[in-house]
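User: Could you take a close look at one part of this structure for me? I would like to follow its charged pairs.

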Amino acid sequence: MANKTALYQAHLDASAKIVDFHHWLLPIHYGSQVEEHHHVRQDAGIFDVSHMTVVDVLGPAARDYLRYLVCNDVDKLKSRGKALYTCMLDQHGGILDDLLIYFVDEQNYRVVLNAATREKDLAWMNKIANDFSVGLHERQDLSMLAIQGPKARDKVHTFLTPLQLDAVSTLTPFEFIQADDLFVARTGYTGEDGYEIILPTPQIHEFWAAALSAGIQPCGLGARDTLRLEAGLNLYGQDMTEKNTPLDSGLAWTVTWEPKERLFSGRAALALQRSKGVKQKMVGLVLEGKGVLRHGQKVITASGEMGVITSGTFSPTLGVGIGMARVPDDIGQNCFIEIRGKQHAAKVIKLPFVRHGKKMFE
Amino acid sequence: MSNIPSELRYVKSHEWTSMEEDGVVTVGVTEHAQSLLGDLVFVELPEVGTIVSAGDESGVVESVKAASDIYAPVSGEIIEVNENLSDSPELINSDPYGDGWIFKIQLSEVCEMDNLLTADEYQELVESEE
């Protein structure tokens with residue numbers, strides 16, 4: 001039996017085409033995925049992301065627990081109201097999930113996990129929690145929206161209360177604040193400015209309606225995928241799985257090695273991988289001719305070595321086929337991609353493809 | 001409800017065909033198919049002069065989300081392709097039965113047209129898939 005978010009009927013009312021996404025019935029688009037994509041790059045769009053798993057980590061050992069649980073270090077969060085992106089690793093360094101951690105206070109951190117990995121993540125987090133004095137509280141009473149685009153914040157500000165507006169107006173990227181019932185974070189998954197908002201489920205209808213009245217375009221999972229791909233942001237289960245580590249997934253920057261004394265799950269395995277030298281890396285590929293890149297297509301380097309496209313699409317912003325790929329680390333500037341048995345030339349770039357509406361490579 | 005013109009003949013794989021008196025068969029994808037695919041961004045056209053048999057892969061249409069093969073509905077020679085689709089694949093979305101046509105086949109076996117579905121039969125197929 002598939003789950004529905006509280007906005008299911010509102011999506012149907014907005015002409016959504018619904019798909020089953022990891023047992024959640026969610027909009028893939030509301031008419032045109034490409035137009036929704038452009039709305040977010042040029043104006044503002046809203047996504048129902050209530051399928052995501054919100055867990056509060058509570059208790060005196062919350063910080064110590066998270067310092068062991070994830071490879072980035074929550075000690076980097078020097079003041080309350082800041083967020084951290086990280087991976088959660090198994091003992092072999094394999095990525096169990098990627099997540100955001102919000103520092104509410106020393107005994108209260110909010111964690112947002114992927115929906116597809118919910119059961120696995122919770123089992124792992126509970127297992128680790130046995131050794132710490134913490135409680136995990138899954139917040140199934142909350143829903144979540146992402147409002148993204150260059151005009152997203154301004155448009156949201158038009159319908160906040162004066163108190164809420166005052167609270168959110170000074171947020172810088174990766175900061176958040178609890179304003180009344182709204183947990184407002186200046187984070188996102190599109191490469192644009194905007195907010196992710198967590199709120200009590202009964203209030204989501206009113207917020208959704210206000211956003212639509214403010215001229216914010218409803219956007220589905222289709223646009224969410226092309227936006228994050230252009231922004232060079234990994235999708236768990238596609239660009240990385242338990243078979244990958246942060247070091248071969250373009251996420252070495254999320255591994256905090258210092259201080260050396262900090263033990264975290266997967267540390268020994270990662271250190272070993274690093275000492276042997278990481279032979280693969282994530283890059284962006286831009287198809288030279290016409291066509292579309294897809295997950296699983298073979299990448300062939302100038303020296304004949306192989307890589308693979310982990311996420312591919314047609315970039316609505318750039319008008320070309322693009323892909324993220326895991327390739328040999330000496331790939332160089334150019335390569336070939338095998339599409340339906342034929343080799344097509346592609347350019348290798350450093351991710352991302354697009355940020356804040358602008359092309360990010362030559 | 002999909003638009004399924006009664007004067008055309010159809011294939012299970014969601015192509016439409018229209019035959020002229022000279023045995024030239026125009027082929028495209030149905031409105032139902034284009035709506036399932038979503039915004040089209042790339043069309044791989046067959047080469048003019050290719051001899052195809054009914055059921056052969058004869059092109060690919062790709063949307064942002066998926067690639068879909070186009071099959072030759074009948075046997076014959078590809079005599080013309082819609083070059084406009086190279087720069088404007090979205091014509092298939094906006095006008096699937098008109099400017100969004102994909103290729104033309106000079107039919108080799110007229111009787112093959114009898115194997116195709118009528119509009120009513122195709123309508124039933126679409127409804128059964130929904």
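Is A:Asp141 buried, partly exposed or exposed?

Analyst: Happy to walk through it with you. This is a predicted model, and in it A:Asp141 counts as partly exposed, because its relative accessibility is 40%, which falls between the limits of 20% for buried and 50% for exposed. The side chain of A:Asp141 meets that of A:Arg139 in a salt bridge, with 2.9 Å from N to O.

Another salt bridge joins A:Arg153 and A:Asp193, at 3.4 Å from N to O. That pair links distant parts of the chain, 40 residues apart: A:Arg153 sits in helix H5 of chain A, and A:Asp193 in the loop between E12 and strand E13. Here A:Arg153 counts as buried at 16% relative accessibility, while A:Asp193, at 22%, counts as partly exposed.

A:Lys120 and A:Glu242 also form a salt bridge, their closest N and O atoms lying 2.9 Å apart. Because A:Lys120 belongs to helix H4 of chain A and A:Glu242 to the loop between H8 and helix H9, the pair ties together parts 122 residues apart in sequence. Both ends are partly exposed: A:Lys120 has a relative accessible area of 28%, and A:Glu242 one of 40%.

Some charges are linked in a network: A:Arg63, A:Arg67, A:Asp73, A:Asp75 and A:Arg262 are connected through salt bridges. Over all chains, a search of the whole structure finds 26 salt bridges.

Methods: Residues are numbered from 1 along each chain as its sequence is written. Chains are lettered from A and ligands numbered from 1 in the order in which they are written. This is a predicted model: local features need pLDDT of at least 70, side-chain atom pairs count only at pLDDT 80 or more; totals for chains, interfaces and linings use all residues. Side-chain values use heavy atoms; hydrogens and water are left out. A salt bridge is a side-chain nitrogen of Lys or Arg within 4 Å of a carboxyl oxygen of Asp or Glu. Helices (H or I, at least four residues) and strands (E, at least two) are DSSP runs, numbered from the N terminus. Buried means under 20% relative accessible area, exposed over 50%, partly exposed in between (1.4 Å probe, protein chains only).
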